[in-house]
Amino acid sequence: MSAQFRFPRFFVTTPAPCPYIPGRIERKVFTELSGDHATEMNDALGRIGFRRSQGVAYRPSCADCTACISVRVVAKEFRPNASQRKLIRRHADLDITACKPWTTEEQFALLRRYLAARHPGGGMAEMDELDFADMVEQTPVDTLVVEYREPAVDGRPGRLVGACLTDHQADGLSMVYSFFEPDEDVRQGLGTFIILDHILRAARSDMDYVYLGYWVEQSPRMQYKTRYQPLERLGPGGWTRMATPAAGVVGAAPARADMVVAAE
């Protein structure tokens with residue numbers, strides 16, 4: 001094992017407004033993923049709460065705040081509930097393909113529609129084709145793009161309605177960023193279905209976990225992650241099970257189709 005892998009250099013970002021809790025300031029610690037052991041480093045850092053963005057692994061390192069909690073689904077023990085099973089059946093006709101991490105015009109067009117409808121004015125709203133290519137293609141680890149298409153017509157591939165940039169780690173799948181057709185009249189619940197598909201995909205491949213990024217209890221848009229049980233959270237003592245949310249409490253609201261796993 002190289003000295004670079006054993007002793008990575010870490011850096012800290014400049015403080016900036018927190019995107020999850022108004023009035024708070026965020027800061028991240030990060031390190032470069034490069035060299036022959038980039039995959040091993042990414043796996044090791046992923047198990048202690050880091051996320052990947054292109055050639056960088058990062059995690060929150062905020063002063064006086066520990067609200068961002070890493071969470072992962074225990075894939076082999078996951079059993080979809082009634083509404084989730086209904087959603088799986090609704091989208092059973094989709095053609096799902098794991099592709100190499102290369103971008104296409106069709107993917108970018110779908111991303112633009114998704115961002116314009118669901119996240120106008122967000123941090124990615126001004127992303128151009130080169131930015132998108134960098135996000136997908138600049139990866140030093142085992143990465144794929146999972147595409148979700150309508151059924152083929154006359155032997156031609158059907159319309160692309162969803163995609164997810166996904167890292168294949170030693171102990172599971174890490175969902176980096178997903179986007180999908182925002183028109184509810186076309187397909188309902190695609191964001192939820194993409195997560196369900198990754199959990200079932202991991203279980204079929206004998207993988208232990210699906211990493212969903214960070215969960216913030218004070219952020220309503222993060223609560224959808226608690227609906228995928230059993231769910232584990234990373235704390236000072238390591239990974240522990242999160243309690244199943246009860247009806248009528250935070251996190252127990254019906255699934256929203258616009259929720260998406262991102263590089264948080």
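**Whole chain**

Residues 24 or more positions apart account for 68% of the contacts in the protein chain with a separation of 6 or more, where contact means heavy atoms within 4.5 Å. This is a predicted model, in which local features need pLDDT of at least 70, side-chain atom pairs count only at pLDDT 80 or more, and totals for chains, interfaces and linings use all residues. Residues are numbered from 1 along each chain as its sequence is written, and side-chain values use heavy atoms, with hydrogens and water left out.

Colour by secondary structure to find 6 helices and 14 strands in the protein chain. Helices (H or I, at least four residues) and strands (E, at least two) are DSSP runs, numbered from the N terminus. Show the C-alpha trace: along its principal axes it spans about 55 × 45 × 40 Å. The protein chain has a radius of gyration of 18 Å, which agrees with the value near 18 Å for a compact globule of 264 residues; the radius is taken over C-alpha atoms, and the globule rule is 2.2 Å times the number of residues to the power 0.38. Of the 264 residues, 47% are buried. Buried means under 20% relative accessible area, exposed over 50%, and partly exposed in between (1.4 Å probe, protein chains only).

**Helix α6 and what follows**

Select residues 190-204, which form helix α6. The helix has 15 residues and reaches 21 Å from its first C-alpha to its last, close to the 21 Å expected at 1.5 Å a residue; the expected span is 1.5 Å times one less than the number of residues. Among the buried residues are Leu190, Phe193, Ile194, Asp197, His198 and Arg201.

Step on to Asp206, in the loop between α6 and β12. Asp206 is exposed, with a relative accessible area of 57%, and has a positive phi of about 60° although it is not a glycine. Most residues other than glycine have a negative phi, and most peptide bonds are trans.

Go to Gln54, in the loop between β5 and β6 (56-60). Gln54 is not a glycine, yet has a positive phi of about 55°. With 25% relative accessibility, Gln54 counts as partly exposed.

Next, select Gln229 and Pro230: the peptide bond from Gln229 to Pro230 is cis, with omega near 0°. Pro230 sits in the loop between β12 and β13 (231-235).

**The largest cavity**

How many cavities of 30 Å³ or more does the structure hold? There are 2. On a 1 Å grid over the protein atoms alone, a cavity is a set of points where a 1.4 Å probe fits but cannot get out, and lining residues have an atom within 4 Å of a point. Grid points are joined across faces, edges and corners, and a volume is the space filled by probe spheres set on the points.

The largest cavity has a volume of about 120 Å³. Select Gly46, Phe50, Arg51, Gln169 and Ser174, the closest to its centre of the 15 residues that line it. Elements giving two or more residues to this lining include α2 (38-46), β7 (68-74) and β11 (172-180), while the largest share, 3 residues, comes from β12. The lining of the largest cavity divides into 5 nonpolar, 7 polar and 3 charged residues. Here Ala, Val, Leu, Ile, Met, Phe, Trp, Tyr, Cys and Pro count as nonpolar, Asp, Glu, Lys and Arg as charged, and the others, Gly among them, as polar.

**The second cavity and Gln107**

About 40 Å³ of space lies in the second largest cavity. Select its lining: Gln107, Phe132, Met135, Val136, Val145, Ala163, Cys164, Leu165 and Phe179. By class, this lining has 8 nonpolar, 1 polar and no charged residues. Helix α5 (129-137) and strand β10 each supply at least two of the lining residues.

Centre on Gln107, in helix α4 (residues 105-118). Gln107 is buried, with a relative accessible area of 2%. Leaving aside residues up to four places away in sequence, Gln107 touches Trp102, Phe132, Val145, Glu147, Leu160 and Phe179.

**Last stop: Asp131**

Finish in helix α5, where Asp131 lies. Asp131 counts as partly exposed, at 34% relative accessibility. Draw a distance from its C-alpha atom to that of Arg52, 79 residues apart along the chain: the separation is 16 Å.

Note on methods
1 Å grid on protein atoms, 1.4 Å probe; cavity = no way out; pocket = protein on both sides within 12 Å on 5 of 7 lines; lining within 4 Å.
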